[in-house]
Amino acid sequence: MQAAIWLSSTISQRQEGWAFDFRSALIGALLAWILIGLLYSQRTAIQSTLKSIWEPFVAWRSRVQASREEKFVRALKAVLRQRLLLRPKAPESIMQEPSFLAFAPLPTTLGEAARSARSITVPYAGLLEGHNKVIITGPPGSGRTTTLILSVWHATDSPAQNDKSSAKRLPFWIDSAEAGTTRDGELVSSEERIANLAASVVPGLASKWILQQLRKESCLIVVDDWDLLAPDTRTQMAHWIAEADAQCHDALWLIASSDEGYGDLVEVGFVPARLLPPTTEINIPNLLQHWSQELGGATTPLSDTALETLLCSVAAQSPLWELHLRAILYLRTQELPERPAEILGRLLETNLEAVDLGKGQEAVAEMARDLALRAIVSVAAAHRLESVSMTGQQILELIEELLPPKEDRPRRLDRAVRQLVEESGILVQKGKTWVPIHPIWEDYLTALHLALDERGEEIVRDHLHDPLWFTLSEFYAGLADVETTVGVIINHADVYDDQDALLRAARWGIVAESDRPWRKQLTRSIAQTFMRDALDYETRLRLGQALNLVAGEGARAFFLRMLRHTSLDVRKAALRGLGWAGASRDMAVLAAALRESNDGLRESAVLALRDTHTAGATAYLAESLPDAPDTLMLVIAEALSASSEGWQALEEATAHPDLLVRRAVAHGLGYVMEDWARERLLEMAREDSEWLVRSAADSALQRQEERIGRQTRIPKPPQVDQMEWLIAWAARQGLGLGVGDAALEMLGRAAHEGNVDAKILSALTLAQIGRKADLRILDPLLGESDAGVQQAANSAILCIRKRYQIYPGT
């Protein structure tokens, strides 16, 4: 109590003694304002300093708090980045989204059979949102692995606000080569086998954790290099995948394979999607800018000549890796060689020249680079041809064998060679051995080795039908004379009607030196095959494109002669060929074809004018639009949507007095994915006085929405027991369709006993899901009198033979 009284008294005394000091308060306020001013004037520097202090702590806290899934994804991306031929800091910013060629959905009625689309082009986004079991097909080097890696990046990135794609997926990667290392009895279920294969890719990852994720999460499971598996292992692996998929919560499977040998996957519900080469829509200047930033240099101005060379590379259906390497070489050296072998050769030279050998090594630098190249080629060839990986000690012994005798050896030459081999960036150390950094480099270096080997062409010829040798053989054709092998291919293609082999040889003609004598023989064979009657139209077009690239100016003269051919399909394809030849002097010929009575010829002429990519052709199409027949108007408008000059013509025609022209314009604008086109379509749909135009604009807007919403997807494989046309056909025979094998048996009856449309639809169905035994159903259709049946059957037979690697003559 006394303490409380004392405290109260003390406070009272202090309060009575306190007085406000105005001068002290003013000084304090001034100092505070000065301090605030100083802090405000230096706010940017202070913020930057605080941020630099705070960021490491934030990063550390993020690493500590990151979930196991996030850590796994980061580790997986680090592993996958090392598998790219080119390794940019941000792969997703440079990797191009490819397109795919997939089977079109089958028509539901017999009446649609003859005019139905056989294939559809699917954008990259449709790969991730369509059927959940997809085989990405293409030869090695076509970009299959890059596409799989891109899918991993996209599956884990947060979608944009306007992106309607599905939710993120947890990705798992499987190397097919590891499938053969799992012994029977080690694991209990197929699901565990798949989990174990995925765990082997990321060091330290437990397969039990993967198994848990497969059972409860939405996952992306990618399998690379299916074609590396032995036939028996493929069957076993497909069985594992089918059983594992049944136990997964929600799995999307993407498997990379060559164009052949994936029949086991089709049997368990997979559908193929062929990887398409890049198109002229690719933005070359942007690509160069991205690589310029990656390489840390100033943006190099792109000359018209350089742009034309790069676009010609795209037109020649070069793979994306070649285009990227061309861009990098151009940025480094301002050089643009024509052929792929020359590109790799110059890049290899620049890599070796970039190695700093130190002062005093100028006298031995050239000799050292030559010896280092020979050593690198030997290491790559041993790994590719003999599956031998050399250790560092073995490479030192190899270099010692290549060096001159010690008494004649320049000082420090051996040291310079070792340094060049190690620092060239072409070989990489894996464990205790050294291997080529990427299969593309391995194939090129092995081709160099074979080009100097007397048995080189014989070795290449022994692997003609091996998809794993397609890229290597192209490099070899660009380095050495393959006249004997080309003759063998031409004879094989002629005897066994194997157009695929002929097209591969055509690719050799494109990458080889232009003065090779065998190019004439190859050109003649392609031209003769182009004229054959029993050839499906898509294959004829592919042959026409190949002929244009191999024969050059001579192809134009051939296409002009083919305009007098008796076959309608040949004349249509010849018109397309003139478009690819791009000769402005053929405008009159193409213009005359627009006045033909046959719809197919007129449409081919429109597409040929579009393919010339000239302002004159675009202007002529725009002028022809008002006077064209109704159906051709739509084709012309769609062709105009392919170029910026055509966009302008379409925009100007939106006010045309003829309602049919405006309807066609609305149709064409639906293919122009630009804001102004959408605004104009909205205006037409809202304000045009004619219902027909408003309806066309609505349809065009819906098509744009579908493309924005990514509705063009990989379709599911056909279910035979659910096909409406087959159910109706069986009912007309007084039979039920049944399920499973009974439905397939009914399909075979329709192929033999049905009318033309039933035979075509049966063949189209077997093209997608047919097995080896179904070839007996298709073979008799080749003798049918109807050309449509013959073409459908021939196409289906080729598809089945590819799936099961049944080569003509074997």
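Is D500 buried or exposed? D500 counts as buried, because its relative accessibility is 17% and buried means under 20%. Keep in mind as you read that this is a predicted model.

**Starting point: D500**

- You can find D500 in helix α23, which covers residues 499-511.
- Setting aside neighbours within four places in sequence, D500 is in contact with R542 and K802.

- Side chains of opposite charge can pair when their charged atoms come close.
- A search of the whole structure finds 38 salt bridges.
- One of them joins E322 and R507, with the closest N and O atoms 3.5 Å apart.
- This pair links distant parts of the chain: E322 belongs to helix α14 (residues 320-333) and R507 to helix α23, 185 residues apart.
- Both partners are covered: E322 is buried, and R507 is buried too.
- E322 and R507 also belong to a network of salt bridges, in which they are linked with R326 and E474.

**A salt bridge between two loops**

- Another salt bridge brings together the side chains of E513 and R339, at 3.9 Å from N to O.
- E513 sits in the loop between α23 and α24 (518-530), while R339 sits in the loop between α14 and α15 (340-353), so the pair ties together parts that are 174 residues apart in sequence.
- R339 counts as buried, because its relative accessibility is 11%.

- R384 is buried, with a relative accessible area of 17%.
- D443 also counts as buried, at 6% relative accessibility.

- Now look at strand β3, residues 133-137, which is mostly covered: five of its five residues are buried.
- Which way do the residues of β3 point? K133, I135 and T137 point one way, V134 and I136 point the other way, and all are buried.
- β3 pairs with strand β6 (residues 250-257) in the parallel sense, over five bridges.
- To see this pairing residue by residue, look for T137, whose bridge partner in β6 is S257.
- β3 also pairs with strand β7 (residues 271-275), in the parallel sense and over four bridges.
- Within that pairing, V134 stands opposite V271 in β7.

**A three-stranded open sheet**

- Elsewhere, three strands form an open sheet in the order β8-β10-β9, and the pairing is antiparallel.
- β8 (390-391) and β9 (427-430) stand at the edges, each with a single partner strand, so one side of each is left without a neighbour in the sheet.
- Two bridges join β8 to strand β10 (residues 433-436), and these strands run antiparallel.
- T391 has T433 as its bridge partner in β10.

**Helix α31 and the helices around it**

- Which residues of helix α31 (residues 630-640) are buried? They are L632, M633, V635, I636, A637, A639 and L640.
- What do these buried residues of α31 pack against? Their neighbours are α29 (599-611), α30 (615-624), α32 (644-652) and α33 (659-669).

**A nonpolar patch on the surface**

- L35, L39, I46, L50 and I53 form a nonpolar patch on the surface, and together they have about 480 Å² of accessible area.
- The elements that give two or more residues to this patch are α2 (22-41) and α3 (43-65).
- The largest share, three residues, comes from α3.
- L35, one of the patch residues, has its place in helix α2.

Methods
Residues numbered from 1 in each chain as written. Predicted model: local features only at pLDDT ≥ 70, side-chain atom pairs only at ≥ 80, totals over all residues. Heavy atoms only, no water. Buried < 20%, exposed > 50% of the residue type's maximum accessible area, 1.4 Å probe, protein only. Contact = heavy atoms within 4.5 Å. Pairing = 2+ DSSP bridges. Patch = residues over 30% accessible without salt bridge, like charges linked within 9 Å, V, L, I, M, F, W, Y side chains within 5 Å. Areas by Shrake-Rupley, 256 points an atom, 1.4 Å probe, with all protein chains shown as cover. Salt bridge = Lys/Arg side-chain N within 4 Å of Asp/Glu carboxyl O.
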